[in-house]
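Dear colleague,

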Amino acid sequence: MTTPVAAGAPRSEPTPKAGTAGITVTVLVPVYNEMDVLPECCRRLHDVAEARAEDFEFLFVDDGSSDGSAEWLLALRERDPRVAVIELSRNFGKEIAVSAGLDHASGDAVMLLDADLQDPPELIPDFLAAWQEGYDIVYGQRLSREGETWLKIRTSHWYYRVINLLSDVPIPADAGDFRLLSRRAVEAVKGLREKHRYMSGLYAWIGFPQKALPYHRHPRHAGRTKWNYWRLWSLALEGITSFSTVPLKLATLLGVVTAGAAFLYGVFFLLRTLLFGNPVPGYPSLIVVMLFLGGVQLICLGIIGEYLGRTYVESKQRQLYYLRGLHPRRESEQDG
């Protein structure tokens, strides 16, 4: 039984939504075999969008999943008109998947989010508030990283310190892909078509006003991470070789120092022979010197090879990716 409302009593009005109406926000989520976490990720994104006045678009980029992630997302798109799905023709890697999403994102602001929920979607309003202050890039800066090994945390910490010592462009420390980009920042990144892509460096390289948003990173909601130490090592090399030529200069310096040491060592033997005769040098010391020089040469060749290999790949001018399917949000289809 309902309680009658007295005549003249004020009627209850729905709670106004936070945010700014008339603005479109694209939430870009790269996906690779994330079936274990997608339902919870989409539920939490839905809750965030329902409390906001902005028009939300959820853009999922399937990077060649084989666990049914793409099929589940396409079924979700039929139920939720805000969902858009991009299917890549194969697994190109996360950096390329993000680039494909940026190429097709239509929002006034684009929010990058991993599907594993280590970066909480509930912080999206904080990113939007910072963007409204006039910042083109708002990046999440990790204060803690729950659920990750001590080794991974420490190597990540030192990696950012090393790359900032080498790079001419300051790259924010302890910041990943959890960030918001304005429309002009998106357009700037879209113009950078290099094949070896270190996205954190590209975001820093384009400039524009940027702001850090500190947060505590959560453990992975479910499933297993797709990253291993070899892939992290490869990504670290991408970052260093994409934004610094210091390793090449260090290789040259190492060669000069080694040659100088060898020259001084030769002068020492010459003087010792002239003053004290010609004793036969020890075999172990000879082997040590040969192995040291061989190691220096291989290190220098490896550094040169890293840069040469990247130049070779860039010279082929291949496409960044190919699409197997492009499924825009159904609201856009109806508008068209």
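Leu45 touches Val27, Val29, Phe58, Phe60, Leu113, Pro121 and Ile124, leaving aside residues up to four places away in sequence, where a contact means heavy atoms within 4.5 Å. Leu45 is also, together with Val27 and Phe60, among the residues with the most contacts inside the largest nonpolar core, which has 34 residues. Such a core is a set of buried Ala, Val, Leu, Ile, Met, Phe, Trp, Tyr and Cys residues joined through side-chain atoms within 4.5 Å, and buried means under 20% relative accessible area, against over 50% for exposed and in between for partly exposed, with a 1.4 Å probe and protein chains only. The largest share of this core, 6 residues, comes from helix 1 (residues 38–50), helices being DSSP runs of H or I with at least four residues and strands runs of E with at least two, numbered from the N terminus. A second, separate core of 29 residues includes Leu88, Ala185, Ile206 and Leu320.

Please note that this is a predicted model, in which local features need pLDDT of at least 70 and side-chain atom pairs count only at pLDDT 80 or more, while totals for chains, interfaces and linings use all residues. Residues are numbered from 1 along each chain as its sequence is written, and side-chain values use heavy atoms, with hydrogens and water left out.

Asp80 lies in the loop between helix 2 (69–79) and strand 3 (83–88), and because its relative accessibility is 12%, Asp80 counts as buried. The side chain of Asp80 reaches the backbone nitrogen of Arg82 at 3.0 Å, and Asp80 touches His46, Phe58 and Arg330, again not counting residues up to four places away in sequence.

Helix 3 (residues 94–104) is mostly covered, with 10 of its 11 residues buried; among them are Ile96, Val98 and Leu102, as well as Lys94 and Glu95. Over the protein, which has 11 helices and 8 strands, buried residues make up 42% of the 336 residues.

As to confidence, pLDDT (the predictor's confidence in each residue, from 0 to 100) averages 79, and 76% of the residues score at least 70. The mean is highest in strand 4 (residues 109–112), at 94, and lowest in helix 11 (residues 330–335), at 56. Where pLDDT is low, the predicted coordinates should not be read in detail.

With best regards

Conventions. A polar contact is a pair of N or O atoms within 3.5 Å; within protein, one must be able to donate a hydrogen and the other to accept it, and residues adjacent in sequence count only if both atoms are side-chain atoms.
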